[in-house]
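Open the model in your viewer and keep the selection tool ready. This tour goes stop by stop, saying what to select and what is there.

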Amino acid sequence: MATILVQGGRPLKGTVRVSGAKNASLPILAASLLAVEGRCVVEDVPFLRDVDCMCDMIQALGVDVQREPGGVVRLNAEEVSHTEAPYELVRRMRASFVVMGPLLARFGHARVALPGGCAIGARPVDQHIKGFEALGAEVTVEHGYVEARAPRGRLRGNRVYLDIPSVGATQNIMMAAALADGLTIIENAAKEPEIVDLANFINKMGGRVRGAGTDVIRVEGVDRLRGVEHTVIPDRIEAGTFLLAGAITGGEIYVEGAISTHLKPLLAKLKETGVHVEDDVNGIFVAGGPGQRALDIKTHYYPGFPTDMQAQIMALLTIIPGTSMVTETVFENRFMHVAELQRMGADIRVEGRTAVIEGVPKLTGARVNSTDLRAGAALLLAGLAAEGETEVHGVHHIDRGYVDIVGKLHALGATIKRVE
Ligand SMILES: CC(=O)N[C@H]1[C@@H](OP(=O)(O)OP(=O)(O)OC[C@H]2O[C@@H](n3ccc(=O)[nH]c3=O)[C@H](O)[C@@H]2O)O[C@H](CO)[C@@H](O)[C@@H]1O
Ligand SMILES: C=C(OP(=O)(O)O)C(=O)O
């Protein structure tokens, strides 16, 4: 089991390049299943544990997957014939459930294991199922599997109103609708940049998706989709984590490739606390941390403050003077990092969905455990600011979502190493 050792107290300086987005790559790799002819070439795919899982999943379904250095993945889905995604693969990563939409669209049938919950919440898939049913599929949930079948082998377009603007449900329904007969209108759709990237990918394949990035997405089904080339968008959560690494250490970091429009809520909060941020067409610069004013933050669907940045900004708030509040509205149980930050000297109490953080003058290094991906990132950030050494366990969670985070932080001047 790997651990990461961080010696805190060094201001980070320099430039770091952001990788391609995990949460854009996963549905795009799944969408390659829609191409009945030709090869897809996807570039800037971050080679992470979650990407390994998705590649294994689509490979098991029959996609020919070739990875090349530099984040290039070549995919050929012409020979796919399996329509069942087994539990052994889905349980490794709940995002695997997005293979259901493309399988159902292309073959009129899919049987995918229910992904179940995880450390941050129960994470039901009722909105995905509601969407498939609206498109005419007969759906059963039995023996831990969701099975869907389109009568006469093809879905038909319809209006789908989502009760929650779920990212995964919007993606699954968009992919299902891409090959359906007629027009699908998804109302109260998720608006995340990763949705727009997926829509762009489907459109390059010959699909007709309009309105992605707004809460009404219109998908005109087509008869065939073909392989294309695509470069995934930069990872806004990785970029935000590096901006916070700059702020929490009082350093100066330029995050190359970060797109400021994707990071508006984080940048606004950094400015509000007094951290200097500046953006240009190539990236974002941060300096003058860690900040002077306490903050109130409420996570929300895009363009609100991302839940995937909640743990990391909480690490920063632990050392900002005054009383800050963080309210988590997207997931019911995403405060597992609180107990670990407390072990490092943070003063935090949780009241229902809100964490109340009293800023302390300093954190102290400790042995801590990552309970999930972003909790792990938050502990690394806390370790960068803390006095003494922090030993972060549960590194396999961090490996799900950050490409070589130890190498990147080391290049910025952090005293950090990974011990296998
Ligand atoms: C691989 C990927 O892209 N993961 C992201 C995606 O997850 P994911 O797509 O799973 O997140 P959703 O947007 O679906 O979930 C948001 C909320 O809706 C609830 N819900 C969702 C679907 C459903 O059918 N029923 C239901 O009740 C969930 O339990 C959760 O409380 O968006 C989340 C919210 O921005 C991010 O934290 C994850 O990093
Ligand atoms: C919660 C996350 O991912 P997933 O939805 O795959 O659990 C995340 O990326 O922070």
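Start with ligand 2. Domain 1 (3-19 + 234-419) and domain 2 (22-231) both give residues to its shell, so ligand 2 lies between them. The domain bounds come from an automatic or database domain assignment.

Before moving on, note the ground rules. This is a predicted model: local features need pLDDT of at least 70, side-chain atom pairs count only at pLDDT 80 or more, and totals for chains, interfaces and linings use all residues. Residues are numbered from 1 along each chain as its sequence is written, chains are lettered from A and ligands numbered from 1 in the order in which they are written, and side-chain values use heavy atoms, with hydrogens and water left out.

**Stop 1: around ligand 2**

Select Lys22, Asn23, Ile120, Arg123, Asp308, Arg334, Leu373, Arg374 and Arg400; they surround ligand 2. A residue is near a molecule if one of its heavy atoms lies within 4 Å of it. By class, this shell has 2 nonpolar, 1 polar and 6 charged residues. Asp, Glu, Lys and Arg count as charged; Ala, Val, Leu, Ile, Met, Phe, Trp, Tyr, Cys and Pro as nonpolar; the others, Gly among them, as polar.

Color helix 1 (22-31) and helix 12 (373-385). Each supplies at least two residues of the shell around ligand 2. Helices here are DSSP runs (H or I, at least four residues) and strands likewise (E, at least two), numbered from the N terminus.

Which side-chain atoms come within 2.8 Å of an oxygen atom of ligand 2 at lysine 22? An N or O atom of the lysine 22 side chain is at that distance. Arginine 400 also has a side-chain N or O atom 2.8 Å from a ligand 2 oxygen. For arginine 334 the distance is 3.2 Å. A polar contact is a pair of N or O atoms within 3.5 Å. Taken alone, ligand 2 exposes 290 Å², and the protein buries 89% of that. Such areas come from the Shrake-Rupley method with a 1.4 Å probe.

**Stop 2: around ligand 1**

Now select ligand 1. Of the 18 residues around it, Asp126, Gln127, Ser166, Asp308 and Val330 come nearest. Look for an oxygen of ligand 1 that is 2.7 Å from a polar backbone atom of glutamine 127. Another distance to check is 2.8 Å, from a ligand 1 oxygen to a side-chain N or O atom of arginine 123. Taken alone, ligand 1 exposes 740 Å²; the protein buries 86% of that. Helix 5 gives the most to this shell, with 3 residues. The shell divides into 7 nonpolar, 6 polar and 5 charged residues.

**Stop 3: salt bridges**

The structure holds 23 salt bridges. Each is a side-chain nitrogen of Lys or Arg within 4 Å of a carboxyl oxygen of Asp or Glu.

Select glutamate 147 and arginine 111. Their side chains meet in a salt bridge (3.7 Å, N to O). Glutamate 147 is in strand 10 (residues 145-149) and arginine 111 in strand 8 (residues 109-113), 36 residues apart.

Finish at aspartate 163 and lysine 130, a salt bridge of 2.9 Å, N to O. Aspartate 163 sits in the loop between strand 11 (159-161) and helix 6 (167-178), and lysine 130 in helix 5 (residues 126-134).

Conventions: A polar contact is a pair of N or O atoms within 3.5 Å; within protein, one must be able to donate a hydrogen and the other to accept it, and residues adjacent in sequence count only if both atoms are side-chain atoms.
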